[in-house]
Amino acid sequence: MTSSQQTPEPDGRRPGNTDGRADDRAADRSGIHDHGHAHGHGPAAPVSRHLQRVIAAVLIPFATAVAVGLVVLWPGGAPGHERTGVGFDRQTESAKVVRVEQVPCEDVNAGQVPPTGDTSTPEGREAVNSQQGTCGKATVEVTSGKDTGRTFTEIVQPDSTRQLHEGQGVVVAYAPDAPRDLQYSVADVDRQFPMTLLAGIFAIVVVAVGRMRGVMALIALVISFAVLTLFILPAILQGSNPLVVAVVGASAIMLIALYMCHGLSARTSVAVIGTLISLLLIGLLGSLFIGWAALSGNTDDNTGLIHGLYPGIDMSGLLLAGVIIGSLGVLDDVTVTQTSAVWELHQADSTLGPRGLYRAAIRIGRDHIASVVNTLILAYAGASLPLLLLFSIAESGVGTVANSELVAEEIVRTLVGSIGLVASVPVTTALAALVVSADRPARSAGGAAAAVRGGRGRRRKR
């Protein structure tokens, strides 16, 4: 039986309704359920038309600017170049190890002892060990390209970190200008099957736990990789400003991923605005400190190869672009969490004003800040662990290590990103509290008006 069919009390009021607030709550709940809302699982409660117009006035020009930027900067593919045969810039083919024989290293000249016989150096000791040990003589067959079926021999020394076994898939590098017997060499192991299997397990877990949200998250992930590989990377190689490309590309990823995963709602829009403000802060701080610390962005073989192949690329701008893109994923998590916290707190207690909502949600945000910052620091430290080991072996002081450009880049990247993440919590929380509180009077008044109209209708009906 609906509320309109309930028998009035002797005083003319509905059962349990003493001051009209039950009607307000019923009207609010009705409006929420009409939009399929469930706390933490469905879309947020709708906001007033006025707030929708305010949010649209901010986001529509921004989304339009992002779309125009994509069109103007769209590269149409990466520019071609003549292969150097160095590092990743090599022609590669697939191959398979068909046979492995164990032979004395001395028979295949695996190591060259110094003419002086000096074994005091690491190189000399390694050469002696190589000659005295047993090496693997692998016969490898090319399985792709114009030389499919061709075989060559690969010698694997006993102390090599990569040992080959029969039937193993490998990736071989092709050097067309080398002598025929030396044109092919094993460059890496073929890891396609385990990597594909792991990706499949990841997708299954995400869908099993997240259900439809998980499916949308996977679709958004695919689109993010498409924007990265089809727009950001080729546009930078074409000579466009890396910072501008990163801002446009990261903004497009942010809009697509957030709205696909969390729905087109005011709650998501507040998270988008909070993320945008934080990205702008990261961009400003990154530009300031990368320039101030004189970081060139050219610190290892890979960046040196990029600079050699495309000298027109601004390497410091590329470093800043990496900071922005790398911070985006964690920013999305923080801003969405804080916005959802404010909305859920408001649903739990609609009497809380903007200050009360902010104070309650910021306590959640402080816990989030502590865990996220620690995660970032450990993630960067884990990625740079071999480098840190080298400095430890060299017994370099902390100041010397931090002053080196290779480590200074990671410090600036980590600290700038962390400042943006920390700032995103109060910024997003304040925005969400203002939006949801500003919307509360209009919705409450609307609910009360609806209750009054319903009551009058029932009295007239009687």
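Two residues are said to be in contact when they have heavy atoms within 4.5 Å of each other. Helices (H or I, at least four residues) and strands (E, at least two) are DSSP runs, numbered from the N terminus. What you see is a predicted model, in which local features need pLDDT of at least 70 and side-chain atom pairs count only at pLDDT 80 or more, while totals for chains, interfaces and linings use all residues. Residues are numbered from 1 along each chain as its sequence is written, and side-chain values use heavy atoms, with hydrogens and water left out.

Start with the overall picture. The protein has 13 helices and five strands. Of its 462 residues, 35% are buried, where buried means under 20% relative accessible area, exposed means over 50%, and partly exposed lies in between (1.4 Å probe, protein chains only). Among contacts with a separation of 6 or more, 70% join residues 24 or more positions apart.

Now find helix α2, residues 49–73. The expected span of a helix is 1.5 Å times one less than its number of residues. Which residues of α2 are buried? They are Leu51, Ile55, Leu59, Phe62, Val66, Gly69 and Leu73.

Some of these residues also turn up where α2 packs against α7. The two helices pack at an angle of about 55 degrees, with their axes 11 Å apart. Axes here are lines fitted to C-alpha atoms, for helices over the stretch in contact, and angles run from 0 to 180 degrees between N-to-C directions. Angles under 35 degrees count as roughly parallel, over 145 as roughly antiparallel, 65 to 115 as roughly perpendicular and the rest as oblique. α2 and α7 are therefore oblique to each other. Ile55, Val58, Leu59 and Phe62 of α2 make the contact with Ala266, Ser269, Val272, Ile273 and Leu276 of α7. The crossing is left-handed; that is the name when the near helix is turned anticlockwise from the far one by less than a right angle, and right-handed is the name if it is turned clockwise.

Next, look at how α7 (residues 266–292) meets α6 (residues 242–262): their axes are 10 Å apart, at an angle of about 155 degrees. That makes α6 roughly antiparallel to α7. The crossing of this pair is right-handed. On the α6 side, Met254, Leu255, Leu258, Tyr259 and His262 take part, and they meet Thr268, Ser269, Ala271, Val272, Thr275, Leu276 and Leu279 in α7.

α6 has another partner in α5, whose axis comes within 9 Å of the α6 axis and crosses at roughly 165 degrees. α5 is therefore roughly antiparallel to α6, and their crossing is right-handed. Among the residues that meet are Ala220, Ser224 and Val227 in α5 and Gly249, Ala250 and Ile253 in α6.

α5 deserves a look of its own. Its 26 residues reach 37 Å from first C-alpha to last, close to the 38 Å expected, with a kink of about 30 degrees centred on Leu228. Its buried residues include Gly214, Leu218, Phe231 and Pro234, and the elements covering the buried residues of α5 include α2, α4, α6 and α9 (315–348).

Two loop residues are worth a visit. Most residues other than glycine have a negative phi. Arg211, in the loop between α4 (192–210) and α5 (212–237), has a positive phi of about 55 degrees although it is not a glycine. Ala294, in the loop between α7 and α8 (301–309), also has a positive phi, near 55 degrees. Arg211 is exposed, with a relative accessible area of 64%, and Ala294 counts as exposed at 61%.

Finish at Val436 in helix α13 (residues 405–461). Is Val436 buried or exposed? Val436 is buried, with a relative accessible area of 2%. Leaving aside neighbours within four places in sequence, Val436 is in contact with Val342, Trp343, His346 and Leu357. The C-alpha atoms of Val436 and Ser350 are separated by 9.5 Å, though these residues are 86 residues apart along the chain.

Definitions and conventions:
The bend at a residue is the angle between axes fitted to the seven residues ending there and the seven starting there.
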